[in-house]
Amino acid sequence: MMTNRARQRIETDTEAAALIESMRSGQRRATALVITELERLSAASPLLLRAMQPHLGHALVVGFTGPPGAGKSTLVNAVIAELRKAGKTVGVIAVDPSSPVSGGAILGDRIRMTAALDDDGVFVRSLASRGYLGGLSPAAVRIIDAFDAAGRDVILLETVGTGQNEIDVAEVADVRIVISAPGLGDDIQAMKSGLLEIADIMVVNKGDRPGAEETMQQLLGALSIRALRNTKIPVLKTTATSGEGVAELVEAMSADGAGQNASEPLARRRRRARYLIARAAADLVAARIRAGGAAKLDTFADQVLGGSIPPEEAARQLLKAL
């Protein structure tokens, strides 16, 4: 049993290893503490990350993304229920949009994930996006490692749902599921230039609504001209509220995941680490500009406007100057 001391102090490798073992034994409080420390990037994070290393690389990470209104949370809930019927343990990371004023978030996705209630085989963690336009925050990647080390078979990652910019999930997930629904209008057109390029599986949710077949045909037509991909992408129809089509979706996830996870686990984890480094680099540049680099940026902006240097050269010079 985890003691009060273990909950409050993680200051040595031994304490970190003990906490990870508690998490791996199924203690939900230990899992919650590890996730909280990693989300905060506390002083204990390096110790915990080291202690998790021998236990990483086994979970299948499945990302769910798509425009608002497609029913992502409800579909994730249905997928959880189907995975649990198959005896799989599940970790869920649900990312909600942050307030541009306070930075907080409602974190309401878990309200629709009733399949996780009173089930120790499911652990749901809600996160704020913290303003990251790609639909994820770097904390999500660290929490993936926590769920993986805890022994979860499948990690479901639900992103914010902001549209075609939401493609960070492509760098993080092993299987990328892009969800649409009938009645979303121009969202299908917008998706063509962004989300369709990253999809491993396409889903038309709310398949019992009028226009579902038409939406499927639109997606099939868009996928037929998708650039740089020769693989045939499944287009499935689901009705998350009734469970129709969910078993077929889980089967497609498993089939795609079997191919993805056949690759070296280190390669998949290294891809996620590259994402973290890229985000940290972008944050560092933005912070330095706010701290005093704005004048230099204006100088380069004037040169770009005047045609004396291209934007790429201005970016290189700015990075050198910061």
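This tour goes through a predicted model, looking at charged side chains and their partners.

Begin by selecting aspartate 148, which sits in helix α6 (residues 138–149). This residue is buried yet has no salt bridge, and the nearest side chain of opposite charge, that of arginine 272, is 5.2 Å away.

Next, turn to the salt bridges, of which the count comes to 12. Select arginine 50 and aspartate 13, which form a salt bridge with their closest N and O atoms 3.0 Å apart. Arginine 50 lies in helix α4 and aspartate 13 in helix α2, so the pair ties together parts that are 37 residues apart in sequence.

Then move to helix α3 (residues 28–40), where glutamate 37 and arginine 40 are separated by about one helical turn; their side chains meet in a salt bridge at 3.4 Å, N to O. Is glutamate 37 buried or exposed? At 13% relative accessibility glutamate 37 counts as buried, whereas arginine 40, at 55%, counts as exposed.

Finally, select aspartate 200 and arginine 176, whose side chains meet in a salt bridge at 2.6 Å, N to O. Aspartate 200 lies in the loop between α8 and β6 and arginine 176 in strand β5, so this pair ties together parts that are 24 residues apart in sequence. Aspartate 200 is buried, with a relative accessible area of 4%, and arginine 176 is buried with 13%.

Definitions and conventions. Residues are numbered from 1 along each chain as its sequence is written. This is a predicted model: local features need pLDDT of at least 70, side-chain atom pairs count only at pLDDT 80 or more; totals for chains, interfaces and linings use all residues. Side-chain values use heavy atoms; hydrogens and water are left out. Helices (H or I, at least four residues) and strands (E, at least two) are DSSP runs, numbered from the N terminus. Buried means under 20% relative accessible area, exposed over 50%, partly exposed in between (1.4 Å probe, protein chains only). Lys and Arg count as positive and Asp and Glu as negative; His and the chain ends are not counted. A salt bridge is a side-chain nitrogen of Lys or Arg within 4 Å of a carboxyl oxygen of Asp or Glu.
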